[in-house]
Amino acid sequence: MTKPKIVSQQLIAETRLFRVEQLGLEFGNGEKRVYERLLGGKTGSVLVIPMLDDETVLLIREYSAGSQDYQLALPKGRMEPGEDPLQAANREMQEEVGYAAKKLEILKTFTIAPAYIQHHTYAILARDLYPQQLIGDEPEPIEVVPWKLSDWDNLIAQPDFTEARSIAALCLARNVLR
């Protein structure tokens, strides 16, 4: 298939966190449409699966403004300019769970609602952890929650474990760790 031709592109809104772009597209069959999309950061983000041992993942519980509640999820964050995904993953782990990793592996790159959001997240498996703390930018301490992967059914049943990227990344990690 041939990608549509971009005939117009305009930034229509911008906040501290988000930019909204309007795209005029012309498809191969002559059809024209106008789309709006959120522009993600230029560097992307990381989602880390920190394995304390072969069976124990370190989750975090922190406040999420979007759901207006505390959520259980994997550590995550934006990549800083100049960082590669593995460096960003190691930094985020140190800031959020107080560990660094000797072994880091990119499992998959995810998109979130690719029809509307231009953004990618690297899911990274972290093993051979050792204590190492960095100060993060969180407004309050993050609760670190060790969870046995053998207790998967109870994790999925948790009402505060709803983030799709964390669920998908843990499914990938479980397959690699078997």
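**Ground rules**

I count a residue as buried under 20% relative accessible area, exposed over 50%, and partly exposed in between, using a 1.4 Å probe and protein chains only. The model is predicted: local features need pLDDT of at least 70, and side-chain atom pairs count only at pLDDT 80 or more, while totals for chains, interfaces and linings use all residues. Residues are numbered from 1 along each chain as its sequence is written, and side-chain values use heavy atoms, with hydrogens and water left out.

**The chain as a whole**

I started with the secondary structure. Helices (H or I, at least four residues) and strands (E, at least two) are DSSP runs, numbered from the N terminus. The chain holds three helices and eleven strands. In sequence order I noted β-β-β-β-β-β-β-α-β-β-β-β-α-α.

Next I took the dimensions. Along the principal axes, the C-alpha atoms fill a box of roughly 55 × 35 × 35 Å. There are 178 residues, and 38% of them count as buried.

Accessible areas come from the Shrake-Rupley method with a 1.4 Å probe; for residues, only the protein chains shown count as cover. The chain exposes about 10,800 Å², and carbon and sulfur atoms supply 52% of that area.

I also checked contacts, meaning heavy atoms within 4.5 Å. Taking contacts between residues at least 6 apart in sequence, I find that 57% join residues at least 24 apart.

Lys and Arg count as positive, Asp and Glu as negative; His and the chain ends are not counted. Each charge is placed at NZ of Lys, CZ of Arg, CG of Asp or CD of Glu. I noted 20 positive and 26 negative side chains, with the centres of the two sets 8 Å apart.

**The open sheet**

Strands of a sheet pair through backbone hydrogen bonds, either parallel or antiparallel. My rule for a pair is at least two bridges found by DSSP between two strands. In what order do the four strands of the open sheet lie? I read it as E1-E2-E3-E9, with mixed pairing. Strand E1 (5–14) and strand E9 (117–118) are the edges, each pairing on one side only.

I followed the sheet from E1. E1 and E2 run antiparallel and are joined by eight bridges. Leu 11 has Glu 21 in E2 as its bridge partner. Four residues separate E1 and E2 in a hairpin.

The next pair is E2 (residues 19–26) with E3 (residues 32–39), antiparallel and joined by eight bridges. Here Leu 25 stands opposite Arg 33 in E3. E2 and E3 form a hairpin too, with five residues between them. I marked Gly 30 in that turn, where phi is positive at about 95°.

I found Ala 113 with phi near 45°, a positive value in a residue other than glycine. Ala 113 is in the loop between strand E8 (99–111) and E9. Buried or partly exposed? Ala 113 counts as partly exposed, at 38% relative accessibility.

Asp 128 is another entry, with phi near 55°. Asp 128 lies in strand E10 (residues 120–131). Its relative accessible area is 42%, so I list Asp 128 as partly exposed.

**Two tyrosines**

I searched for aromatic pairs. Rings of Phe, Tyr and Trp (its six-membered ring) pair if their centres lie within 6.5 Å; planes under 30 degrees apart count as stacked, over 60 as edge-to-face and the rest as tilted. The count is one pair. Tyr 63 and Tyr 70 make that pair, edge-to-face, at 5.4 Å centre to centre and 70° between the planes. Tyr 63 is partly exposed at 43%. Tyr 70 is partly exposed at 37%.

Lys 108 lies in strand E8. Lys 108 has a relative accessible area of 43%, so I class this residue as partly exposed. Which residues does Lys 108 contact, leaving aside neighbours within four places in sequence? I list Thr 121, Tyr 122, Ala 123 and Leu 172. The C-alpha atoms of Lys 108 and Ala 169 are separated by 8.0 Å, though the two residues are 61 apart along the chain.

I turned to Gln 94, in helix H1 (residues 85–96). With a relative accessible area of 11%, Gln 94 is buried. Not counting residues up to four places away in sequence, Gln 94 touches Tyr 99, Ala 100, Gln 132, Gln 133 and Leu 134.
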